[in-house]
Amino acid sequence: MKKIFAFLFICSSFLIWAQKIDPEAKRLLDTASAKLSQNSTFYVKFNYLYSIPGHKSISEIGQVYAAKEKYHLILPSITQIYDGNKIYTISKEDKEITSSDKEDGESLSPTNILSLYKSGFNITFEGNTTINNVKCSVIKLVPIDTKKSKSILLALSNNKILRVSENYNDGSSLILMIIDFKENLIVNKSLLTFDKNNYKDYTLTEL
C-alpha cells in the first residue's frame, strides 16, 4: 500500500541533470499541461492496480477533487488533503493522521502529474496505441535518478491523461486508469481544508 501513495501523493526529489527530451513527447505534454492548467477545478475518478511479484494484486477505485494545487483524495482506506501548505494523510483503519510540509523539487501528486516532466526525466515518445477502444499517445518518462523507479508511462488522449503506469525497481508496478474526468465543477471549500474537529479520535503526527 505504501508504494501506491509514494507513487501518487508523496513528494520525490530528483537530481536535475541534462534532460534528453523527444520533441514530439514534449509537444504532447506541453499541450496537455496547458489544457489542464486552464481549469480552475477538476474531478477525477480512477482505478488503480498495484502488483508485486509473489503477492495478490490490489485493485481499488479512488477519487480526487482539486482546485489548482490543492486537492482532496479519497481511497477506501486513506484520505489525503493538501491545503496549499501541508499534506494531511489520514488512515481510517489506524485512526492516524500524518501532517507534512510540501517538499521542494519534483513531486508526483494529483495536481502536478502533467508538469512533472519538466525536470529530472528523460522523455521519449513511444508511439500511438489503443486502450479500451480509445486511441492515445504513449510517452515514457525515465528518471535521471533511478533510485525511486525505473520508468513512468503516460497515455494521453485528446490532450488528457487516460492511463498512468509506473514500474518500480523491486519488480512491482502500478497502473492508474482514468474512469471519469470533469472540468471546472464547483468544489466545496471544506474539501480542500483540514479540520481536526472532524477527526477527534485520531492521533495527529507532524513530520
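β1 and strand β11 (residues 173-183) pair in the antiparallel sense, over ten bridges. I count two strands as paired if DSSP finds at least two bridges between them. Strands (E, at least two residues) and helices (H or I, at least four) are DSSP runs, numbered from the N terminus. The model is predicted, so I hold to its limits: local features need pLDDT of at least 70, side-chain atom pairs count only at pLDDT 80 or more, and totals for chains, interfaces and linings use all residues. Residues are numbered from 1 along each chain as its sequence is written, and side-chain values use heavy atoms, with hydrogens and water left out.

**β1 and its partners**

I looked up who faces Tyr 48 and found Leu 176 in β11. Next came strand β2 (residues 58-67), which runs antiparallel to β1 and is joined to it by nine bridges. Here Tyr 50 has Ile 58 in β2 as its bridge partner. I then checked the hairpin of β1 and β2. Six residues lie between the strands, and Gly 54 takes a positive phi near 85 degrees.

How much of β1 (residues 42-51) is covered? I find seven of its ten residues buried. Buried means under 20% relative accessible area, exposed over 50%, and partly exposed in between (1.4 Å probe, protein chains only).

**Aromatic rings**

I list seven aromatic pairs in the structure. Rings of Phe, Tyr and Trp (its six-membered ring) pair if their centres lie within 6.5 Å; planes under 30 degrees apart are stacked, over 60 edge-to-face, the rest tilted.

I took Tyr 71 and Tyr 82 to start. Their pair is tilted, with 5.9 Å centre to centre and 40 degrees between the planes. The pair links distant parts of the chain: Tyr 71 sits in strand β3 (residues 70-74) and Tyr 82 in strand β4 (residues 78-82), eleven residues apart. Tyr 71 is buried at 2% relative accessible area. Tyr 82 is buried too, at 4%.

Then I turned to Tyr 199 and Tyr 202. Their ring centres are 5.3 Å apart and their planes stand at 80 degrees, so this pair is edge-to-face. Both Tyr 199 and Tyr 202 are buried. I also note one aromatic cluster, formed by Tyr 88, Phe 194, Tyr 199 and Tyr 202.

**Ser 33**

Last, I placed Ser 33 in helix α2 (residues 23-37). Is Ser 33 buried or exposed? It is buried, with a relative accessible area of 12%. I set aside its neighbours within four places in sequence; Ser 33 is then in contact with Leu 114, Ser 115, Tyr 117 and Lys 118. Contact means heavy atoms within 4.5 Å.
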